Amino acid sequence: AARSLSRWHAKRQDLKSYIKSHRRGLKGKMSFTKGQQATTAECVFNVEQATAQIAALASNIADSAKTCVKGTNFLETSGKVCVVNLAGIAYSVSTIAASLSMAAGNCATTLMPNYLAMCVGGAAGVAASLSQFAGAAALTSAACAPEQLAPGAAAGVTPSNFGQPGGPGANVELPGVTPLPPLPPPPKAPAADVRRLHEEQNA
């Protein structure tokens, strides 16, 4: 053990002497190939995407807490909105896993690719796509069925013109929602005040 330690100490001393005698060579500007530059950029994008999806995950969880309440009927519009929010949560989690897995390979300074990280990233990407497909299917089911949006609405009411002034969906009342009363007319100024203001402007 003492002999191995002395040999290791001698090698460390040789390395120290070499570094001292070749300081200028160590100060040179590092050059990267185009492939290495592309890998570094992909590493940055992977981390940024994971960060953005963490914020999206928090937003989807907050939304699902409001839409996925007890007694939700998943065949109605409110239930389909809940499904969209749940699919958004699954998509964010899967995208975070995929981004971090790909970052583990792209951000590592190694010549050998990390096949395990690539495998996990690919599987998480498939899960993210399936989650996005589920959310889009629920959204399509609600958006392409006007009777689900406003039961008993007049003919011609579609999600694209729902609430549009001057259109067939301008005054559609949603079930369970009390419409706002019309605004009162503005008060009229007394005739004497109008005459006085008119005289002051002409003076």
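Student: How are helix 3 and helix 4 oriented relative to each other, parallel or antiparallel?

Tutor: Roughly antiparallel. This is a predicted model, so read the geometry as computed from it. The general idea is to take the angle between the N-to-C directions of two axes. Angles over 145 degrees count as roughly antiparallel. Here the axes of helix 3 (residues 34–67) and helix 4 cross at roughly 155°. They come within 8 Å.

Student: Which hand does the crossing of helix 3 and helix 4 have, left or right?

Tutor: That crossing is left-handed. As for composition, the residues in the contact of helix 3 with helix 4 comprise 17 nonpolar, 14 polar and 2 charged.

Student: At what angle do helix 4 and helix 5 pack?

Tutor: At about 160°. Helix 5 covers residues 115–143, and the two axes lie 7 Å apart. That angle makes helix 4 roughly antiparallel to helix 5. Helix 4 passes helix 5 in a left-handed crossing. The contact residues of this pair split into 19 nonpolar, 10 polar and 1 charged.

Student: Now one residue. Where is N85 placed?

Tutor: N85 sits in helix 4, which spans residues 77–106.

Student: Is N85 buried or exposed?

Tutor: Compare the relative accessible area with the cut-off: under 20% means buried. N85 has 9%, so N85 is buried.

Student: Which residues is N85 in contact with, neighbours within four places in sequence left aside?

Tutor: N60, D63, S64 and T67.

Student: With which side chain does the side chain of N85 make a polar contact?

Tutor: With the side chain of T67, at 2.8 Å. T67 is also on the list of residues in contact with N85.

Student: Step back to the chain. How many helices and strands does its secondary structure come to?

Tutor: 7 helices and 0 strands. From the N terminus on, the elements run α-α-α-α-α-α-α.

Student: What share of the residues of the chain count as buried?

Tutor: Of its 203 residues, 18% count as buried. N85 is buried too, at a relative accessible area of 9%.

How values were computed:
Residues numbered from 1 in each chain as written. Predicted model: local features only at pLDDT ≥ 70, side-chain atom pairs only at ≥ 80, totals over all residues. Heavy atoms only, no water. Helix = DSSP H or I, 4+ residues; strand = E, 2+ residues; numbered from the N terminus. Buried < 20%, exposed > 50% of the residue type's maximum accessible area, 1.4 Å probe, protein only. Polar contact = N/O pair within 3.5 Å; in protein donor to acceptor, adjacent residues only side chain to side chain. Contact = heavy atoms within 4.5 Å. Axes fitted to C-alpha atoms, helices over the stretch in contact; angles between N-to-C directions. Parallel < 35°, antiparallel > 145°, perpendicular 65-115°, else oblique. Left-handed = near helix turned anticlockwise from the far one by under 90°. Nonpolar A, V, L, I, M, F, W, Y, C, P; charged D, E, K, R; others polar.
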